[in-house]
Amino acid sequence: QVQLVESGGGLVQPGGSLRLSCAASGVIAMINVMGWYRQAPGKQRELVATITNHDSTTYADSVKGRFTISRDNAKNTVYLQMNSLKPEDTAVYYCNADVRTSLFKATANYWGPGTQVTVSS
């Protein structure tokens, strides 16, 4: 019923910037927390940043000061502006959202398929 689709990944040199987008579509009454996670080869998926529907944000220590999460509630879209990228930021980035398909139903958690970010010279 709900689909998340990421875009904006790619290859960038160290020190460069990328902006990821994730649009949610389908039957949506409300989206609570939206977030970005990443998984590097051979590592577990880890939290990058989250944002509530009141724009309260959290960040992993490794990205504080370099990444900025934001959202457009009218478009059901979350963004991740990534600056000063490092090779260790290389990973598949996944969008995540807690969605209510009805105000009378509990939230359900959804994942996007992921987008590859590669930081390399």
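In the protein chain, the mean positions of the 11 positive and 8 negative charges lie 3 Å apart. This value, like the others reported here, was computed from a predicted model.

The secondary structure of the chain consists of 11 strands and zero helices. Read along the sequence, the elements accordingly follow the pattern β-β-β-β-β-β-β-β-β-β-β. The radius of gyration is 14 Å, which agrees with the value near 14 Å that a compact globule of 121 residues would have. Along the principal axes, the C-alpha trace spans about 50 × 25 × 25 Å. Of the 121 residues, 40% count as buried. The accessible surface of the chain amounts to about 6,300 Å², and 49% of this area belongs to carbon and sulfur atoms. Among contacts with a separation of 6 or more, 55% are made by residues 24 or more positions apart.

A search of the whole structure returned one disulfide. The bond joins Cys22 to Cys95, with an S to S distance of 2.1 Å. The pair ties together parts that are 73 residues apart in sequence, because Cys22 belongs to strand 3 (residues 18-26) and Cys95 to strand 9 (residues 91-100). The angle about the S-S bond is -80°, and the link of Cys22 and Cys95 is left-handed. Cys22 has a relative accessibility of 0% and therefore counts as buried. Cys95 is likewise buried, its relative accessible area being 0%.

Strand 3 also contains Leu18. With a relative accessible area of 15%, Leu18 falls under the 20% cut-off and is therefore classed as buried. Residues up to four places away in sequence being set aside, Leu18 touches Gly8, Gly9, Gly10 and Val12, together with Leu80, Gln81, Met82, Leu85 and Val117.

Ile69 is located in strand 7. Its relative accessibility is 4%, so Ile69 counts as buried. Beyond its neighbours within four places in sequence, Ile69 is in contact with Met34, Gly35, Trp36, Ala49, Thr50, Ile51, Thr57, Tyr59, Val78, Tyr79 and Leu80. The C-alpha atoms of Ile69 and Leu20 are 9.4 Å apart, although 49 residues separate the two along the chain.

Thr50, one of the residues in contact with Ile69, lies in strand 5. Its relative accessible area of 14% places Thr50 among the buried residues. Apart from neighbours within four places in sequence, the contacts of Thr50 comprise Val33, Met34, Gly35, Ser56, Thr57, Thr58 and Ile69. Thr50 and Tyr37, 13 residues apart in sequence, show a C-alpha to C-alpha distance of 8.7 Å.

The loops were examined next. Lys86 is situated in the loop between strand 8 and strand 9. Its relative accessible area is 35%, and Lys86 is therefore partly exposed. With neighbours within four places in sequence left aside, Lys86 is in contact with Arg66 and Val119. The C-alpha atoms of Lys86 and Gln13 are 8.2 Å apart in space, while the residues are 73 positions apart in sequence.

Positive phi values occur at residues other than glycine, including Asn76, for which phi is near 50°. Asn76 lies in the loop between strand 7 (67-72) and strand 8 (77-82). At 23% relative accessibility, Asn76 counts as partly exposed. Asp55, which is not a glycine either, has a positive phi of about 70°. The position of Asp55 is in the loop between strand 5 (46-51) and strand 6 (57-59).

Notes
Residues numbered from 1 in each chain as written. Predicted model: local features only at pLDDT ≥ 70, side-chain atom pairs only at ≥ 80, totals over all residues. Heavy atoms only, no water. Helix = DSSP H or I, 4+ residues; strand = E, 2+ residues; numbered from the N terminus. Rg over C-alpha atoms; globule rule 2.2 N^0.38 Å. Buried < 20%, exposed > 50% of the residue type's maximum accessible area, 1.4 Å probe, protein only. Contact = heavy atoms within 4.5 Å. Areas by Shrake-Rupley, 256 points an atom, 1.4 Å probe, with all protein chains shown as cover. Lys, Arg positive; Asp, Glu negative; His and termini not counted. Charge placed at Lys NZ, Arg CZ, Asp CG, Glu CD. Disulfide = S-S within 2.5 Å.
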